[in-house]
Each structure stands twice: as structure tokens, then as C-alpha cells.
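Subject: Structure for you to look at, with notes

Dear colleague,

I am handing over the structure below, together with some notes on what was found in it. Please read them with the model open beside you.

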Amino acid sequence: MNIKIIVLGTGDKADALIKEAKISDMPSVQEDWKFDFKKQMKNLKNATGYILVKEDTPHVIEGCMIFQLINKREPYLAFVEIAPHNKGDEKKHDHVAGSLIAYAFKLSLIKGVDEFNGALHFKVAEEKKEDEIKLMRLYSTKYNAYRLGDSNIMAIYDADGEELIRRYLS
């Protein structure tokens, strides 16, 4: 899928792609990523890995996610992470996480079955509870996700997901 991400140094939009990736294409903790996508891909059933790259630097992964279809019906965003060079005060690109989350929602519209069509779920798990709450707040305000009860499970539904698609994938 062709998308645009923001180059923070110039404010320009850069052409980028979200594409399906093989296990060998996925990043790992040895490359300074928080999640070991290669290891997780091997262990998850009905999971597909996706990487986001700029068209002019296709060998540099800007962000990554694993989308899973639980019981072959329920769309689930198992893992999402932006590249280490896109974090913190000196990050290089913006709209990477939003593009991946919007794409996961789009996949939920395509692959979700019955009541799971257009319903994307994911879990927020951090070592410290306060970090988990802070991250859930970010997902709520920036990506239209809802916290399910007092759990650490979040969901994006219908019009909120469509808004993400308009904002990040158009």
C-alpha cells in the first residue's frame, strides 16, 4: 500500500510503502528494536508481518507490525513499533505508527468475520503500570482507540477506524 509519511527535518511528505514481509525481513532486538519481530512471527498462529519503508530507502525499516487473525476470524494487532530512529526528540519521521495502525484497521475490514469485521483489538503491556496508562491514553487521543473496561485491551471500531484510514492512508 502506498502512503505518505512526514519528514520532520523539512516537513515534506515522503512516499512510503507498507508491505508484507517475510520473517527474515523483520527487525529484532539485536537491531535495537523493543520487540523481537522475527521470534514473535515464528510463534504466532495466523500472523502476518508488515514493514513500512520509504520508497527512496527501501532497505531501511521505518516501522513494523504483526497482524494476527485469531481463530481465523478476529483481527488483532499483535505488535506495532516504530524504528529506533523514529523515537524521541530527534526522530526522523512522523505518521509511521498512525499509518501502521490505520492499515491494521483496514485489514480488519477485509479479514474480520461477522461481528469482528471492522473491529481491531490490541493489548498494551508495559513493565510499569504508569507507562501502560500513559500509552493507552496516547492510543485513545491520537488513534481513536477505546480501553475495554479496566483491562489493558484496546479496540478501534467503525467510524473511528475509518477516520484513521482517511488521516493516514489517503
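Which exposed residues does the face of α4 turned away from its buried side carry? They are A159 and R166. Before going further, please keep in mind that this is a predicted model.

Helix α4

The helix α4 covers residues 158–169, which is 12 residues, and it reaches 16 Å from its first C-alpha to its last, close to the 16 Å expected at 1.5 Å a residue. Its buried residues are G161, L164, I165, Y168 and L169. These lie on the same side of α4, because they cover an arc of only 100° around the axis.

As for what the buried residues of α4 pack against, the partners are the strands β1 (2–7), β2 (13–21) and β9 (153–157), along with the helices α2 (96–111) and α3 (129–143).

The pairing of α2 with α4

The helices α2 and α4 pack at an angle of about 130°, and their axes are 8 Å apart. That angle makes α2 oblique to α4, and the crossing in which α2 passes α4 is left-handed. On the α2 side, the residues that take part are G98, S99, I101, A102, Y103, F105, K106 and L109, and in α4 they meet D158, G161, E162, L164, I165, Y168 and L169.

N46 lies in the loop between α1 (37–43) and β3 (47–54), and it counts as partly exposed because its relative accessibility is 39%.

The loop between β1 and β2

G9 is placed in the loop between β1 and β2, and with a relative accessibility of 74% it counts as exposed. The C-alpha atoms of G9 and L135, which are 126 residues apart along the chain, are separated by 25 Å.

Conventions: Residues are numbered from 1 along each chain as its sequence is written. This is a predicted model: local features need pLDDT of at least 70, side-chain atom pairs count only at pLDDT 80 or more; totals for chains, interfaces and linings use all residues. Side-chain values use heavy atoms; hydrogens and water are left out. Helices (H or I, at least four residues) and strands (E, at least two) are DSSP runs, numbered from the N terminus. The expected span of a helix is 1.5 Å times one less than its number of residues. Buried means under 20% relative accessible area, exposed over 50%, partly exposed in between (1.4 Å probe, protein chains only). The arc is that of the directions from the helix axis to the C-beta atoms. Contact means heavy atoms within 4.5 Å. Axes are lines fitted to C-alpha atoms, for helices over the stretch in contact, and angles run from 0 to 180 degrees between N-to-C directions. Angles under 35 degrees count as roughly parallel, over 145 as roughly antiparallel, 65 to 115 as roughly perpendicular and the rest as oblique. A crossing is left-handed if the near helix is turned anticlockwise from the far one by less than a right angle, and right-handed if clockwise.
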